[in-house]
Amino acid sequence: MDKLKKVLSGHDGNDDLNVLQGANEASTLGWGTRAKGFVACFVAGVLCSVLGTCLLWVPRNGLTLFAVFYSLGNVATLLSTMFLMGPLKQVKRMCDKTRALATAIMIACLILTLCAAFWWKNKGLALLFCILQFLAFTWYSLSYIPFARDAIIKLFSVCLK
């Protein structure tokens, strides 16, 4: 409605908005709809990850199916939080200095998992990248819980002594 008012009042609306800002402005969902979208996307992501893990032992194409479903599950789970925060705010938070390394490792391992499955056909490498993907996603998720990372580091330092 605001864009229609801008056009009718003589403003073209030719602002230099990037794709994320446009998507953020278009997301005028109510909290009930956002919560439903979050739950649906999160459940779909978890189901894809579990299905991918189950498909790992399919004889011929198990590795490829595992890599695809596990990675899709992680992407869907990550995208589910965009329903709560909005896409622009989510991407900004992913690039915060506290999360940037975990985000980069997670995305790199996701891509490398698919490369190991499709092009390199190396089961061990794909499994290693999935484990690293899981650890990076866990570390990324812990950054949203106050003092959770500090508690994990302290726990590991006590266990290693």
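Biologist: What should I know about numbering and confidence before reading the model, and what is the mean pLDDT of the protein?
Modeller: Residues are numbered from 1 along each chain as its sequence is written, and side-chain values use heavy atoms, with hydrogens and water left out. The model is predicted, so local features need pLDDT of at least 70 and side-chain atom pairs count only at pLDDT 80 or more, while totals for chains, interfaces and linings use all residues. Here pLDDT is the predictor's confidence in each residue, from 0 to 100. In this protein 83% of the residues reach 70 or more, and the mean pLDDT is 85.

Biologist: How many helices and how many strands does the protein have?
Modeller: Helices (H or I, at least four residues) and strands (E, at least two) are DSSP runs, numbered from the N terminus. Read along the sequence, the pattern is α-α-α-α-α-α-α-α, and the secondary structure comes to eight helices and zero strands.

Biologist: What share of the residues is buried?
Modeller: Buried means under 20% relative accessible area, exposed means over 50%, and partly exposed lies in between (1.4 Å probe, protein chains only). Of the 161 residues in the protein, the buried share is 29%.

Biologist: Which residues make the nonpolar surface patch of about 490 Å²?
Modeller: Patches are made of residues with over 30% relative accessible area and no salt bridge, with like charges joined within 9 Å and nonpolar side chains (Val, Leu, Ile, Met, Phe, Trp, Tyr) within 5 Å; a salt bridge is a side-chain nitrogen of Lys or Arg within 4 Å of a carboxyl oxygen of Asp or Glu. The areas come from the Shrake-Rupley method with a 1.4 Å probe, and for residues only the protein chains shown count as cover. One of the members, Leu 47, is placed in helix α3 (residues 31-55) and counts as exposed because its relative accessibility is 56%. The patch is made by Val 39, Phe 42, Val 43, Val 46, Leu 47 and Val 50.

Biologist: What is the angle between the planes of Phe 38 and Phe 42?
Modeller: Rings of Phe, Tyr and Trp (its six-membered ring) pair if their centres lie within 6.5 Å, and planes under 30 degrees apart count as stacked, over 60 as edge-to-face and the rest as tilted. A search of the whole structure finds five aromatic pairs, among them the stacked pair of Phe 38 and Phe 42, whose centres are 5.8 Å apart and whose planes make an angle of 25°. Because they are four residues apart in helix α3, Phe 38 and Phe 42 are separated by about one helical turn; Phe 38 counts as partly exposed at 23% relative accessibility, as does Phe 42 at 34%. The angle asked for, between the planes of Phe 38 and Phe 42, is 25°.

Biologist: How is the aromatic pair of Phe 118 and Trp 119 arranged?
Modeller: Phe 118 counts as partly exposed because its relative accessibility is 36%, whereas Trp 119 is exposed, with a relative accessible area of 65%. With 6.1 Å centre to centre and 65° between the planes, the pair of Phe 118 and Trp 119 is edge-to-face.

Biologist: Is Asn 74 buried or exposed, and which residues does Asn 74 contact beyond its neighbours within four places in sequence?
Modeller: Asn 74 lies in helix α4 (residues 62-85) and is buried because its relative accessible area is 8%. Contact means heavy atoms within 4.5 Å. Leaving aside the neighbours within four places in sequence, the contacts of Asn 74 are Ser 49, Leu 110, Gln 133 and Phe 137.

Biologist: How far apart in space are Ala 102 and Gln 133?
Modeller: Ala 102 lies in helix α6 and is buried, with a relative accessible area of 6%. Leaving aside neighbours within four places in sequence, Ala 102 is in contact with Ala 136, Trp 139, Tyr 140 and Arg 149. Ala 102 and Gln 133 are 31 residues apart in sequence, and their C-alpha to C-alpha distance is 9.3 Å.
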